[in-house]
Amino acid sequence: MKIRRHKKAQRILGFYRNNFNIRPPYTVLLDGTFCYAALEGKVQIAEDIPKYLESPETKLLTTQCIILEVEKLKILKKNLHGPYMIVKQFPVQVCGHEGRPVPASSCIKSLLKKENPMKFIIASQDNELKNHIHECVTGTPVLYLHGSAPTLEKPTEKSQAEAMNTHSTITTYEQKTLHSLKRKLIGEEQVEPERKKKKKKNPNPLSCKKSKKVKKPQQQQQTEGKSKRKRKKHKKPGSIHHHVQQNAL
């Protein structure tokens, strides 16, 4: 099961690497909801996340806005003291809200903008934030905890559409170069062009004409008819009738 999960994660990361240039070492931006779920699921964030992403040098970051939000909430809820201790141990990403903090989700949205220019992987359990990424942001991997298992969401429809548009602008020369590289690296077989089937030709109309019988001239037919008449047989003198006449004499 773990092998299948890791293969699926590498396919998803490969999509973002090829289409949005998100490459290792990855930068993961964590919020308070993810730290709370990690505490509940007994997940060691600093060890398990880089292992799942197969990138030992993964950077785990948070922001000042996220830390301050969890700090305020822990006063209201005692069970949030643990997530606060976890989230504040990570390095802080400059968000531009220093001195005037905003809610954690708003802080993350401002960093992502529309195309995730800083190439973050967002680690969060916040459904509202994830819906915003699905609808408004392209090229942003989302990481969440399924129980105690780190899981990457599959690429959003918006990101897939953006990737298709990017590929459609590739020139013919670039397409040929990509195909040759694929054959060298993956051993992709070169597809032979389909041969066009020869259409059956209609028979020559001249060869299908019946041969005309040449009519013979009328005079020739008459002469032939005469020549074919039966000849009368002449009686020989030795016949019975001849003998009778001689006896009469």
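Glu-54 is found in the loop between α3 (45-53) and β2. Phi of Glu-54 is near 55°, a positive value in a residue that is not glycine. The model that holds this residue is predicted. The peptide bond that runs from Pro-24 to Pro-25 is cis, and its omega is near -5°.

**Confidence**

For the chain, the mean pLDDT is 82, and 69% of the residues reach 70 or more. Over residues 242-249 pLDDT stays under 50, and for this stretch the model has 2 contacts beyond four places in sequence.

**The sheet**

The strands form an open sheet of 6 strands in the order β3-β2-β1-β4-β5-β6, and the pairing is mixed. At the edges are β3 (92-93) and β6 (149-152), each of which pairs on one side only. Strand β4 (residues 120-123) pairs with strand β5 (residues 142-146) in the parallel sense, over 2 bridges. In this part of the sheet, Ala-123 stands opposite Leu-143 in β5.

Helix α4 (residues 64-76) packs on the sheet and touches β1 (27-30), β2 (59-63) and β3. The direction of α4 makes about 65° with that of β2. Helix α6 also packs on the sheet, where it touches β1, β2, β3 and β4. The direction of α6 makes about 160° with that of β4.

**Helix pairs**

The axes of helix α6 (residues 104-112) and helix α7 (residues 127-136) come within 10 Å and cross at roughly 20°. An angle under 35 degrees counts as roughly parallel, so α6 is roughly parallel to α7. The crossing in which α6 passes α7 is right-handed. On the α6 side the contact is made by Ser-105, Ile-108, Lys-109 and Leu-112, and on the α7 side by Glu-128, Leu-129, His-132 and Ile-133. By class, these residues are 4 nonpolar, 2 polar and 2 charged.

Helices α1 and α3 pack at an angle of about 70°, with their axes 9 Å apart. Because angles of 65 to 115 degrees count as roughly perpendicular, α1 is roughly perpendicular to α3. From α1 the contact takes Arg-5, His-6, Ala-9, Gln-10 and Leu-13, and from α3 it takes Lys-51, Tyr-52 and Leu-53. The residues of the contact of α1 with α3 divide into 4 nonpolar, 2 polar and 2 charged.

The angles and axis distances of the two pairs are set out below.

| Helix pair | Angle between axes | Axis distance |
|---|---|---|
| α6 and α7 | roughly 20° | within 10 Å |
| α1 and α3 | about 70° | 9 Å |

Methods: Residues numbered from 1 in each chain as written. Predicted model: local features only at pLDDT ≥ 70, side-chain atom pairs only at ≥ 80, totals over all residues. Heavy atoms only, no water. Axes fitted to C-alpha atoms, helices over the stretch in contact; angles between N-to-C directions. Helix = DSSP H or I, 4+ residues; strand = E, 2+ residues; numbered from the N terminus. Parallel < 35°, antiparallel > 145°, perpendicular 65-115°, else oblique. Left-handed = near helix turned anticlockwise from the far one by under 90°. Contact = heavy atoms within 4.5 Å. Nonpolar A, V, L, I, M, F, W, Y, C, P; charged D, E, K, R; others polar. pLDDT = per-residue confidence, 0-100. Pairing = 2+ DSSP bridges.
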